[in-house]
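Student: I am new to this structure and would like a close look at one part of it. Please take me through its pockets slowly.

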Amino acid sequence: MSALDPRLTPARPDLAAAHLKGQVEAARFVEPVDRQAIAASVAIRRTPEPHGAVDDQLLAGDVFALLEEKNGWGWGYSRADGFVGWVDLLALSEDVEAVDHRVTALRTYAFSEPDLKSEPNLLLSLNCSFRAGRREGRYVEAVGLGWVFAPHCGPLGETAGDFVAVAESFLGAPYLWGGKESLGLDCSGLVQMALLAAGTALPRDSDQQEAFLAAHWRDVTDQPERRRGDIVFWPGHVGIMTDSEHLLHANGHWMDVTLEDFAVAEQRIREAHAPVRAIYRPA
């Protein structure tokens, strides 16, 4: 994978991020201005229009490095995973809070008051982040977002012990290209979110994840047995083994996060696209 992967390189012929000076050619180089996602999720699009193709999402609390504003849209890149694109500026705040907590439940409401009967502001998904403010009863203030049920969140340093169990909690979530929230996500989004909850920050796309794990995990592609936690890569697809025989993956065949017999899924994917390319196991 190139060091100047276009998905991760905020550069165009007319404009580029200042840190790329000397690496790319552009008419001008600018320092980014940080903005923060205040919506539950914010699409990162290829073009500045409501129906532009989506490549990634910001989750609430994520920071976007803004390089250009155009008709209510902003071009730049996600500080979370580096993806470049356009976002709706109405979903971003100029005030950037230093987050110290994240959502640990699959999804939870940010209420307008510390009361379960109050109007919800947002439906937050796993790994949304915020700065914790006041505490009232069983609720914690997510500054700028609302009030979150305290057992559904925790300090950033608290991580899940089993990333596979996290991934399993997404079972049945609908498939959404470019998504990584509990209301819709794709294959690499599922893997990224599950590992992030367990304390490992992976790149966004499956080929990027494959390259990352090749450098940090054990390659067990040629081993006959599979284990819980093995991550299986095909060209353009990725899934997680829940045991020696079952694969959990967000997929366009069933259009959701599915648990199915690995042999069945492997045959279908091999016949329609390509065989398994690599399998990695936590070191």
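Student: How many residues line the largest pocket, and which lie nearest its centre?

Tutor: This is a predicted model, in which local features need pLDDT of at least 70 and side-chain atom pairs count only at pLDDT 80 or more, while totals for chains, interfaces and linings use all residues. Residues are numbered from 1 along each chain as its sequence is written, and side-chain values use heavy atoms, with hydrogens and water left out.

The largest pocket is lined by 26 residues, and those nearest its centre are Y175, W177, C187, G236 and H237. Here a pocket is an open set of points, on a 1 Å grid over the protein atoms alone, where a 1.4 Å probe fits, with protein on both sides within 12 Å along at least five of seven lines, and lining residues have an atom within 4 Å of a point. Its volume, the space filled by probe spheres set on the points, is about 520 Å³.

At least two lining residues come from each of helix 2 (187-197), helix 3 (206-216), strand 23 (246-251) and helix 4 (262-272); helices (H or I, at least four residues) and strands (E, at least two) are DSSP runs, numbered from the N terminus. By class, the lining of the largest pocket holds 8 nonpolar residues (Ala, Val, Leu, Ile, Met, Phe, Trp, Tyr, Cys and Pro), 8 charged ones (Asp, Glu, Lys and Arg) and 10 polar ones, the others, Gly among them.

The second largest pocket has about 400 Å³ of space, and D62, A80, N127, S129 and L196 are the closest to its centre among the 21 residues that line it. Helix 2 gives the most to that lining, with 3 residues.
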